[in-house]
Amino acid sequence: MKTKAYLFLSACIFAAVALAHLLRLAFRWPAVLGPIDIPLWPSIFGVLVPGFLSCWGFSAARKA
């Protein structure tokens with residue numbers, strides 16, 4: 001049971017990160033790190049990679 005809870009929790013965290021990047025892309029929210037403006041294109045990877053990991057985590061949690 002602990003493995004299933006861990007997989008579900010990690011999948012939820014990855015889904016939240018992917019959603020945050022998707023919202024940044026949709027609303028064109030700026031990201032600034034000190035004097036550096038972060039462009040929007042890295043958020044594409046911020047949607048795809050955590051989104052894939054989230055789907056994988058939910059799938060693994062369902063099987064566990």
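The talk below takes the labels one by one.

Mentor: First, this is a predicted model, where local features need pLDDT of at least 70, side-chain atom pairs count only at pLDDT 80 or more, and totals for chains, interfaces and linings use all residues. Residues are numbered from 1 along each chain as its sequence is written, and side-chain values use heavy atoms, with hydrogens and water left out.

Trainee: Why does Ser-54 count as buried?

Mentor: Buried means under 20% relative accessible area, exposed means over 50%, and partly exposed lies in between (1.4 Å probe, protein chains only). Ser-54 has 4% relative accessibility, so it counts as buried. Ser-54 is found in helix H2, residues 42-63. Helices (H or I, at least four residues) and strands (E, at least two) are DSSP runs, numbered from the N terminus.

Trainee: Which residues does Ser-54 touch, not counting those up to four places away in sequence?

Mentor: Ala-11, Phe-14 and Ala-15. Contact here means heavy atoms within 4.5 Å.

Trainee: What makes the pair of Phe-8 and Phe-58 edge-to-face?

Mentor: Start with the rule. Rings of Phe, Tyr and Trp (its six-membered ring) pair if their centres lie within 6.5 Å; planes under 30 degrees apart count as stacked, over 60 as edge-to-face and the rest as tilted. By this rule the count comes to 4 aromatic pairs. The ring centres of Phe-8 and Phe-58 are 5.6 Å apart and their planes stand at 65°, so the pair is edge-to-face. Phe-8 lies in helix H1 and Phe-58 in helix H2, so the pair ties together parts that are 50 residues apart in sequence.

Trainee: Are Phe-8 and Phe-58 buried, exposed or partly exposed?

Mentor: Phe-8 is partly exposed, at a relative accessible area of 46%. Phe-58 is partly exposed too, at 29%.

Trainee: How do you know that Trp-41 and Phe-45 make an edge-to-face pair?

Mentor: Their ring centres are 6.4 Å apart and their planes are at 85°, so the pair is edge-to-face. Both Trp-41 and Phe-45 are exposed.

Trainee: Why is Leu-19 called partly exposed?

Mentor: Leu-19 has 48% relative accessibility, so it counts as partly exposed. Leu-19 is found in helix H1, residues 2-27.

Trainee: What makes Arg-28 count as exposed?

Mentor: Its relative accessibility is 62%, so Arg-28 counts as exposed. Arg-28 sits in the loop between H1 and strand S1 (31-33). Arg-28 also has a positive phi of about 55°, although it is not a glycine. Most residues other than glycine have a negative phi.
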